[in-house]
Amino acid sequence: MRVRKLLAAIAISALLAEPAAQAAEGGFPEKPIRLIIGSAPGSGPDIISRLVADHLYGAWNQRVVVDSRPGVAGIISAEAALRANPDGYTWMMLTSQLFVATSVYPDIRFNLDKDFVSIALIGTVPFVQMVNPKLPVKSIADLIALAKSQPGKLRYGSAGTGASEHLSGLLFTRMSGTQMLHVPYKGVAQAIADTLSNEVQLTYAVYPAARPHIESGRLRATGVTTPKRSPALPDVPAIAEVLPGYAMFGWYSLVAPKGTPNAILTMTSSEVLKAVKDPAFGARLKTLGIEVVGGGRKDLDAFRHGERKRVSELVKAAGVSLK
């Protein structure tokens, strides 16, 4: 699998990463840094961003403020980042969600591939298919059977039209031959909340956001979207076990607006890689179901290029388009 080989190559290159760069000109950072995320508080990107912010505060004694700008599957966060001065004090968490969105939304006022420069690739994570326990479903096969018996009556929530969760659900309905009503929200936290209240019967969420609701028993995990089972949920089958070829996964990375000083990008990348490769930090990521990658700037460039091709092919195959 092309993506799996790329991840392996990134992991090897991370081990050979150069020592930390010298401090950027002007003693960076001299003031708090803003890290913009395109998801609501409590989401996977929010959780990971705060872990990174905590590490960097310990390393630099300077705050990294997580600025949540949910909406339009991450597009709002990108527009906010590009309005900022590219002086190194504004970063953005780039995830698979925004990659999907820029493949399906019309009239986007930026070019994701050209307007943002890479800092570091943190890791990958599965999405989890979760149902309200009131739904008489305990497996993927049960869900397919119920959906086929009630065409169009089951509702699934997502973080927004064109978001990765939406694509996860759309691929599921297309590959299973079922009909479900998609209900878009401004963030995955709202989709989860309405699944808990049974306003929608199921949703898809990255493991960090799904974990507390699964562990509490308030939601039932029926499948993971990665090609194989996740070590974090070994008893939960991969959807691909029932629908061969089904595959989606999320990922976390840091980027900055084009024009950000190269010295700052290099310094930041080096410090983030230190965090990711630290055993204690890596262990915290693994408890969140994240497969640590730890790729530098060139690694993230290559990963983004590969993902653009993969996501474009997925979107085209699924027939997703708002253009």
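Predicted model: local features only at pLDDT ≥ 70, side-chain atom pairs only at ≥ 80, totals over all residues.

Residues are numbered from 1 along each chain as its sequence is written, and side-chain values use heavy atoms, with hydrogens and water left out.

Student: Which strands stand at the edges of the open sheet of five strands?

Tutor: Strands are DSSP runs of E of at least two residues, and helices runs of H or I of at least four, numbered from the N terminus; two strands pair if DSSP finds at least two bridges between them. The order is E7-E6-E8-E5-E9, with mixed pairing. Each edge strand has a single partner strand, so one side of it is left without a neighbour in the sheet; these are E7 (181-184) and E9 (220-224).

Student: Which residue of E9 is the bridge partner of Met-130?

Tutor: Strand E5 (residues 127-131) pairs with E9 in the antiparallel sense over four bridges. In E9, the bridge partner of Met-130 is Ala-221.

Student: How many residues of H7 are buried?

Tutor: Helix H7 (residues 164-176) packs on the sheet, touching E5, E6, E7 and E8, where contact means heavy atoms within 4.5 Å. Buried means under 20% relative accessible area, exposed over 50%, and partly exposed in between (1.4 Å probe, protein chains only). The buried residues include His-166, Leu-170 and Phe-172. H7 is largely enclosed by the rest of the structure, because the number of its residues that are buried is 11 of the 13.

Note on methods: Axes fitted to C-alpha atoms, helices over the stretch in contact; angles between N-to-C directions.
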